[in-house]
Amino acid sequence: MTVHKKVTIKTSEQIFKIKEAGKYSDELMQDLQNMCKIWTNLLELENYAQDFMDKNNVKWAFKWYQWYPANLCLSLNDCVVHWIPYDRKLKDNDVLKIDLWVDFKWWISDSAITVVLSKNKKYHELVSATKLWLDEWLKFIWPDMDIYDFGECVYSHLIWAWFQVIKNLVWHWVWNSVHEWPFIYNYPNPDWRNVVLERWMVIALEPITALKSQKVFEKPWNHWNLYTQRWDVWAQREYTVVITDNGCEVIAWLK
């Protein structure tokens, strides 16, 4: 296994294990999405996920990572990421992000979706624009693609759609830990000019957007939950992909 600028170039055996993790991740994510109804308790989702993992003899990547106490991140409304599941039922007008990591024989997949339980047109437009960008740009991901250009594409697409990009949250490479350096921003950061993607890198692509906010903040009593700076609604979509000779292959996602 070689290293390029702190990024591991994966072997075929390692990619196989990440793909296996992705299969479990996709199945579980579909189940969780189907369960998301008004009056569903967040703990029902957390407990279902735990049972699913136990039944399939796979592990959680995130539970107890830096003392995070849950299997899922279930972030509601103005909380952008890392909300710890608790005894709270979903309500009309909620927006929920489900973020999960699956560990198959020490190799990890990472994916996230946003579920809207609201008739608010803007919420649906934000979620659709975020997913559309990711789906459309998969076809442009090739070896030698400049990472700076990738960030610029995210940013310009969402700004053109009259939404914002959360600038202090990132996407990352995937390895046998929750995150692999370096972290990449969803906007054209000059630090990443002339740094390119290479084949057999595995990446978690995750545009994180909002109606109005460009940054997140944490509250003093909980360093995990990060909130939009203007208390508005956010959206996220995340896929794990491997860079191939012919572009990229999606390992973990929900269509």
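## About the model

Because the structure is predicted, local features need pLDDT of at least 70 and side-chain atom pairs count only at pLDDT 80 or more, while totals for chains, interfaces and linings use all residues. Residues are numbered from 1 along each chain as its sequence is written, and side-chain values use heavy atoms, with hydrogens and water left out.

Helices (H or I, at least four residues) and strands (E, at least two) are DSSP runs, numbered from the N terminus.

## Two helices side by side

Let's start with helix H1 (residues 12–35) and helix H2 (residues 42–56), whose axes come within 11 Å and cross at roughly 150°. Axes here are lines fitted to C-alpha atoms, for helices over the stretch in contact, and angles run from 0 to 180 degrees between N-to-C directions. The crossing angle makes H1 roughly antiparallel to H2 (the term applies to angles over 145 degrees).

On the H1 side, the contact (heavy atoms within 4.5 Å) is made by Tyr24, Glu27, Leu28, Asp31, Leu32 and Met35. H2 brings Glu44, Leu45, Tyr48, Ala49, Phe52, Met53 and Asn56.

## A three-stranded sheet

Next comes an open sheet of 3 strands, in the order S8-S12-S15 and with antiparallel pairing. Two strands pair if DSSP finds at least two bridges between them. Strands S8 (164–165) and S15 (234–236) stand at the edges with a single partner strand each, so one side of each has no neighbour in the sheet.

Strand S12 (residues 208–210) runs antiparallel to S15, and 3 bridges join them.

## Two residues with positive phi

Most residues other than glycine have a negative phi. Lysine 105 is not a glycine, yet its phi is positive, about 50°. This lysine 105 sits in the loop between strand S6 (94–104) and strand S7 (107–117), and lysine 105 is exposed, with a relative accessible area of 54% (exposed means over 50%, with a 1.4 Å probe and protein chains only).

Aspartate 144 also has a positive phi, about 80°, although it is not a glycine. Its place is in the loop between H3 and helix H4 (147–160). Aspartate 144 is exposed, at 60% relative accessible area.

Definitions and conventions:
Angles under 35 degrees count as roughly parallel, over 145 as roughly antiparallel, 65 to 115 as roughly perpendicular and the rest as oblique. Buried means under 20% relative accessible area, exposed over 50%, partly exposed in between (1.4 Å probe, protein chains only).
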